[in-house]
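Subject: Structure for your files

Hello,

Here is the structure you were waiting for. My notes on it follow below.

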Amino acid sequence: MSILIDEKTQVLVQGITGRDGAFHARAMTADGTKVVAGVTPGKAGEKLDEIPVYSTVKEAMAEHRVDATVIFVPAKFSSAAVREAADAGVPLIICITEGVPVLEMIHNYSYVQERGLRLIGPNCPGLISPGKCKIGIMPARIHKPGGIGVISRSGTLTYEVVYNLTMAGMGQSTCVGIGGDPVIGSNFIDMLKLFEADPDTTGVVVIGEIGGEDEEAAADFIREHMSKPVAAFISGRSAPPGKRMGHAGAIISGGKGTSEAKVKAFHEAGVPVADKPDEIPGLLAKMLQAT
Amino acid sequence: MKVHEYQGKQLFGEYGVPVPVEMVVTTAEQAAEAAAKIGGTVVIKAQVLVGGRGKAGGVKIAKSPDEARERAAEILALTIKELPVEKVLVAPAADIKQEFYLGLVLDRNTKSVLLMVSKAGGVDIEELAVSSPDEILKLPIDPVKGIQDAELKQTLSKVFETPKLLEQAQDTVTKLYRLFVEKDCSLVEINPYGLVEDEVLLALDAKVNFDDNALFKHPDIEALKNLEEYSADEIEANKHGLSFVSLDGDIGCIVNGAGLAMATLDIIKLYGGSPANFLDVGGSSNPEKVLNALSIILGNPNCKAVLINIFGGITRCDDIAKGILMAMDQIDIKLPLVIRLIGTNDKEGRKLLTDRGLEVAESLSEAVEKVVSVA
């Protein structure tokens, strides 16, 4: 088992004829994902290799069962793409695009919520259930099927953590990049709930960073509701306040979003926080043995 | 993106929010002329993009044009939190009877625009939020529905007790919200929102920040950008599409991905070192970017060693290696380079580098330990 996506998941790619969309549609297919269709306005009837292209999400869904869509369109058009997917009722919408205006995201968030759908991202690497399905841009080969769930606000830092888990023989059930923006479709708690309910997930890694208070909320949730062991890592411990560290959401402002507050919240919830990514497998193994 | 107080007040003016009649000047002589035009006692305020200017001596009262000249000269000679003061605002010294606080902020938790109001204006609002959080009233504004007048009135009436004040505050908040939404702000703040003669409320300060992601929609706002907010290296890096933040240490860093870049800095500190910068080369596989990144970092006189940490996903390690070799051919690199390459095409990348006599680490801890020992 895994969360959100598995070997049966049928995937649509919005922006499939663009540079990034085409590259990753091919990479996902090569990694075993069922990419059943793509969308680029005005390009109906074309094909990317064997994948049929449609002008709208609705047209694609008239021909295919679509379980999830992944958005690779530029920031200027990505809100429209999210809404189009929501209007068509795609249950899982993943927005990879970086640079979506935050006020637009607030609107997109309620738009998707009102329709009872799920949005992941924006500004995220996507998600992968190793050996089953990959929807996103991560290198599949560093992953390995197994029982660890990974939730992260980052991209390459997640690869670093996954790589260390795989090297230590700890495979992953699903790894989800929730995105580095201030307002995102799904947060740590949304994913923790799913991992807690997934019978094949044995433990979870939470990779947070400075900015906002999602980690603190996650810590409270873990203390109250998680029976499975959770280990954490927080990046940005050396970041100066008021400076945006790459991610739009990675900024300490108004005295909020410091790494100290996050580490403290996790410690108080009994969640060990690694100082380096290569300490995570050890921390998890220790907790898994104790259970 | 941040703008100066005077720029914020100009925006307030455009949206009909009452602001004092005031002038922004760049020399002491101009300050004296402005004081003469305004008449009476004036206040002279440094225009810098950081808080705490009052404590740093950046706000002074002058009773005559001559005094304004002297005070302005003093302020223009200041450097506040490393930012030299280049402009001052000359404003009438209002007889302030009471100071309120009004703020709109993009709130990540409630996914709304959060209105904050307080009777205790004029003080550091961040400190107030910690010391007496009950003094700040909050009202989340639903982004889809917009301001609900009855709700807004109810919240504001707890702070503004006479009908006349309440009416002005409600009008101001409505206008500020329009500014916030139309210009994609992340923060709009009036502190103090001052009660001056005849029950009149005025915006006596202005703090306006914008969402960087939305600047592409607002060329008028982008034109307000103040380059002094950024270091020379940050501006140069920005031109080349690199995400860069100057820091005060001596280990230059080139990393792909913001999260990994932050973590790399943290681990350098953990091993007793001190990073000179944050740099995310981004996800593309462009050797030019590595060359640009290296030349910016090597131009920093404080830098004693460089760590390149790449976890290839979309980024290909062989492209990074090509960029490093390109830099070695074009720049005389005298500082030790510590390189860690892993992920997509790492074998090819490592071979390119080891063929040229460079050492390449596989583990991040090992690479950091090494760069700290040579810096």
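Which residues of helix α12 (residues 346-354) of chain B are buried? They are B:D346, B:G349, B:R350 and B:L353. Buried here means under 20% relative accessible area, exposed means over 50%, and partly exposed is in between (1.4 Å probe, protein chains only). Helices (H or I, at least four residues) and strands (E, at least two) are DSSP runs, numbered from the N terminus. Seen down the axis of α12(B), the buried residues fall within an arc of 95 degrees, so they line one face of the helix. The arc is that of the directions from the helix axis to the C-beta atoms. On the face turned away from this buried side, α12(B) carries the exposed residues B:K347 and B:K351. A contact means heavy atoms within 4.5 Å.

Before the rest, the ground rules. This is a predicted model, in which local features need pLDDT of at least 70 and side-chain atom pairs count only at pLDDT 80 or more, while totals for chains, interfaces and linings use all residues. Residues are numbered from 1 along each chain as its sequence is written, chains are lettered from A and ligands numbered from 1 in the order in which they are written, and side-chain values use heavy atoms, with hydrogens and water left out.

Chain A

Chain A has nine helices and 14 strands. Its radius of gyration is 18 Å, close to the 19 Å that the globule rule gives for 291 residues, so chain A is as compact as a globular protein of that length. That radius is taken over C-alpha atoms, and the globule rule is 2.2 Å times the number of residues to the power 0.38. The C-alpha trace spans about 55 × 40 × 30 Å along its principal axes. Of the 291 residues, 63% count as buried. Among contacts between residues at least 6 apart in sequence, 73% join residues at least 24 apart.

One loop of chain A holds two points to check by eye. The peptide bond between A:G121 and A:P122 is cis, with omega about 10 degrees, and A:P122 sits in the loop between β7 (118-120) and β8 (126-129). A:N123 is in the loop between β7 and β8 as well. Its phi is near 60 degrees, a positive value in a residue other than glycine. A:N123 counts as buried, at 10% relative accessibility.

Chain B

Chain B comes to 13 helices and 18 strands. Its C-alpha atoms fill a box of roughly 80 × 50 × 40 Å along the principal axes. Of its 375 residues, 53% are buried. Among contacts in chain B between residues at least 6 apart in sequence, 68% join residues at least 24 apart.

Chain B also has a cis peptide bond, from B:N191 to B:P192, with omega near 10 degrees. B:P192 lies in strand β10 (residues 185-196).

Back at helix α12, B:N345 lies in the loop between β17 and α12 of chain B. Phi of B:N345 is near 60 degrees, a positive value in a residue other than glycine. At 25% relative accessibility, B:N345 counts as partly exposed.

Regards
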